[in-house]
Amino acid sequence: MLDWASLRKKQGDRDIEPMPPEPDLPEPEPQAPRGIALALGGGAARGWAHIGVLRAIEEANIPIGMIAGTSIGALVGGCYLAGKLDELEEFARSLTKRRIFGLLDLNLRGSGLFGGMKLTARMQEHLDGVTFDDLAKPFVCVAAEMRTGHEIWLSSGSLITAMRASYALPGVFEPVHCNGRVLMDGALVNPVPVSACRAHEQPLVVAVNLHYDLFGRAAVIKHNAGLPQPSETRTRTDGAAAGEQHEREQRIGITGVMVEAFNIIQDRISRARMAGDPPDLSLQPKLGHLGLTEFHRADEAIAIGYETTQARLPELERLLTFLR
């Protein structure tokens with residue numbers, strides 16, 4: 001057994017100085033939750049539903065950590081983070097068929113039917129000079145490079161240029177020249193940009209997929225490419241008027257063909273990419289009855305987006321418990 005008296009005597013009866021007390025450290029400040037990451041998908045006119053989604057999330061006080069957007073998802077997401085969602089919603093609800101045509105500047109000699117400069121002028125009224133550094137949260141616009149097919153993530157520089165590049169629908173809007181690259185609509189490569197949120201190390205990703213309600217698009221059908229039957233050949237008779245009217249209804253024009261072809265591409269790519277990299281939660285507004293070019297139906301699309309998100313709020317709140 002250790003003889004404490006002998007040890008003290010060997011030390012010359014010197015008292016051992018006690019260790020100084022540890023300083024009082026300040027208590028760490030509570031950190032706000034990082035929030036969910038939103039992947040806002042493309043979908044042309046159906047994209048007005050993103051406005052309703054953001055309104056519902058905002059009302060429920062669910063924090064947003066970042067947004068990645070493709071095509072119209074980039075437009076809505078960028079305006080939201082720039083504090084201009086009210087102005088965008090007012091603009092969307094004010095659209096009529098006549099006003100839409102007034103915003104399109106026809107350009108038959110360019111690389112797209114419409115130059116898009118009138119739309120750009122409207123954005124500049126509220127976002128002129130705004131950069132990604134001015135935004136409240138991290139933001140990514142997804143575009144596609146025309147010459148290489150690369151997926152381009154725009155997260156710095158001019159916000160308007162990035163959004164224009166992300167929604168530059170091939171054949172409809174002219175591609176955007178950006179720092180030596182020619183960029184087109186990001187839905188060609190990543191229609192619902194979940195992967196962009198994952199790359200930014202976001203723990204919880206919520207995707208808004210605007211193509212979920214398009215049933216039957218993935219079917220494979222065997223068909224006969226034989227010659228038309230004589231009964232299918234129409235002649236100028238009294239009963240031909242109904243047939244001609246039906247044929248006129250089937251003609252959707254060059255723009256309609258390009259938009260529908262693009263719709264098929266988006267649907268196929270989004271199915272594949274979301275199957276390989278699924279989000280933690282997917283919001284799927286039922287928008288199949290809305291045409292891709294029916295921008296004048298913003299009231300309906302916004303309401304559907306809002307109602308869909310409202311119905312999934314318990315699941316969103318449950319996700320937040322993980323962050324907390």
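Mentor: Take a 1 Å grid over the protein atoms alone: a pocket is an open set of points where a 1.4 Å probe fits, with protein on both sides within 12 Å along at least five of seven lines, and lining residues have an atom within 4 Å of a point. This is a predicted model, where local features need pLDDT of at least 70, side-chain atom pairs count only at pLDDT 80 or more, and totals for chains, interfaces and linings use all residues. Residues are numbered from 1 along each chain as its sequence is written, and side-chain values use heavy atoms, without hydrogens and water.

Trainee: Which residues of the lining lie nearest the centre of the second largest pocket?

Mentor: Leu154, Ser156, Gly157, Cys178 and Asn179, out of 13 lining residues. The pocket's volume is about 190 Å³, counted as the space filled by probe spheres set on the points. β5 (151-154), α7 (159-166) and β8 (181-185) each give two or more residues to this lining. β5 gives the most, with three residues.

Trainee: What makes up the lining of the second largest pocket by class?

Mentor: Six nonpolar residues, six polar and one charged. Ala, Val, Leu, Ile, Met, Phe, Trp, Tyr, Cys and Pro count as nonpolar, Asp, Glu, Lys and Arg as charged, and the others, Gly among them, as polar.

Trainee: What makes the contact between α2 and α11?

Mentor: Contact means heavy atoms within 4.5 Å. Residues of α2 in this contact include Ile51, Val53 and Arg55, and those of α11 include Ile302, Gly305 and Tyr306. The contact holds eight nonpolar, four polar and two charged residues.

Trainee: What makes α4 oblique to α11?

Mentor: Helix α4 (residues 85-93) meets α11 at about 130°, with the axes 8 Å apart. That angle therefore makes α4 oblique to α11. Glu89, Ala92 and Arg93 of α4 touch Ala298, Asp299 and Ile302 of α11. By class, that is three nonpolar, no polar and three charged residues.

Note on methods:
Helix = DSSP H or I, 4+ residues; strand = E, 2+ residues; numbered from the N terminus. Axes fitted to C-alpha atoms, helices over the stretch in contact; angles between N-to-C directions. Parallel < 35°, antiparallel > 145°, perpendicular 65-115°, else oblique.
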